[in-house]
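These are my notebook entries on one structure.

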Amino acid sequence: MADIKDPENTIVMELKDGTVTIELLPDVAPKHAERMKELARSGAYDGVVFHRVIDGFMAQTGDVEHGNADKEFNIRRAGTGGSELPDLPAEFSKLPHDRGTLGAARSQNPNSANSQFFINFKDNHFLNGQYTVYGRVISGMEHVDAITRGEPPANPDKMISVKVAADA
């Protein structure tokens, strides 16, 4: 079990193979950290699939509009939506996209991040300064490594539940 220093800024994500604990970085990207907590608290991430998982790169998820495997679901639409909340402004920092960091997924517009995010499988420094880093996996990275690969995967894995540690 992870050593949780700040339960209000820690996410506990249940995957098929076990628990992933994510430390949010509100000092670095306050709006992104707050958005993840808001969506987690509303249950919006529960059941959402990893729709783009590239070996040696990253696992992307978080399309709460089209990616929920437990609701009306079409894998071809997963990755095209966001939440009902407004898009977020970029919060770029000097933090590198290292293995286990969370990055905010977005369109070509740097200020278009909403609900989708990715977890880096390895150091992806070519993303530095282009995508907001707002969290890091502090335990359970082996469960992230076990996520089914594909763009999209034929049988995608999903986030079974996503909670703020303070609420768990």
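**Entry 1: aromatic rings**

I started with burial: Tyr45 and Phe117 are both buried, where buried means under 20% relative accessible area, exposed over 50%, and partly exposed in between (1.4 Å probe, protein chains only). The model is predicted, so I kept to local features with pLDDT of at least 70 and side-chain atom pairs at pLDDT 80 or more, while totals for chains, interfaces and linings use all residues. Residues are numbered from 1 along each chain as its sequence is written, and side-chain values use heavy atoms, with hydrogens and water left out.

I then counted aromatic pairs and found three. My criterion was that rings of Phe, Tyr and Trp (its six-membered ring) pair if their centres lie within 6.5 Å; planes under 30 degrees apart count as stacked, over 60 as edge-to-face and the rest as tilted. The rings of Tyr45 and Phe117 have centres 5.6 Å apart and planes at 85 degrees, so this pair is edge-to-face. Tyr45 is in the loop between helix H1 (30-41) and strand S3 (52-54), and Phe117 is in strand S6 (residues 117-120), so the pair ties together parts 72 residues apart in sequence. Helices (H or I, at least four residues) and strands (E, at least two) are DSSP runs, numbered from the N terminus.

Phe118 and Tyr131 form another edge-to-face pair, at 5.9 Å centre to centre with 80 degrees between the planes. Phe118 belongs to strand S6 and Tyr131 to the loop between S6 and strand S7 (133-139), so this pair ties together parts 13 residues apart in sequence.

**Entry 2: charges over rings**

I looked for charges over rings, requiring NZ of Lys or CZ of Arg within 6 Å of the ring centre and within 35 degrees of the ring normal. The charged end of Arg106 sits over the ring of Tyr131, 4.2 Å from the ring centre. Arg149 lies over the face of Phe121, 4.1 Å from the ring centre.

**Entry 3: nonpolar cores**

For cores I took sets of buried Ala, Val, Leu, Ile, Met, Phe, Trp, Tyr and Cys residues joined through side-chain atoms within 4.5 Å. Which residues of the largest nonpolar core touch the most other members? They are Met13, Phe117 and Met159, in a core of 32 residues. Strand S1 (10-15), strand S2 (18-24), H1, strand S5 (101-104), S6, S7, helix H2 (141-145) and strand S8 (161-164) each supply at least two residues of this core. H1 gives the largest share, four residues. A second, separate core has six residues, including Ile54, Phe57, Met58 and Phe118.

**Entry 4: cavities**

I searched a 1 Å grid over the protein atoms alone: a cavity is a set of points where a 1.4 Å probe fits but cannot get out, a pocket is an open set with protein on both sides within 12 Å along at least five of seven lines, and lining residues have an atom within 4 Å of a point. Grid points are joined across faces, edges and corners, and a volume is the space filled by probe spheres set on the points.

The whole structure has two cavities of 30 Å³ or more. The largest cavity holds about 50 Å³. Its lining includes His32, Arg35, Met36, Tyr45 and Tyr134, and H1 supplies the largest share of that lining, three residues. The second largest cavity holds about 40 Å³ and is lined by Leu15, Lys16, Asp17, His143, Ile147, Asp157 and Lys158.

**Entry 5: pockets**

The largest pocket has a volume of about 380 Å³. Of its 21 lining residues, Gln60, Ala105, Arg106, Ser107 and Gln116 lie nearest the centre. The second largest pocket has a volume of about 220 Å³, and Val64, Lys71 and Glu84 are among the residues that line it.

**Entry 6: backbone**

The peptide bond from Glu151 to Pro152 is cis, with omega near 0 degrees. Pro152 is in the loop between H2 and S8.

Gly18 is in strand S2 and is buried, with a relative accessible area of 16%. From C-alpha to C-alpha, Gly18 and His143 are 6.1 Å apart in space and 125 residues apart in sequence.
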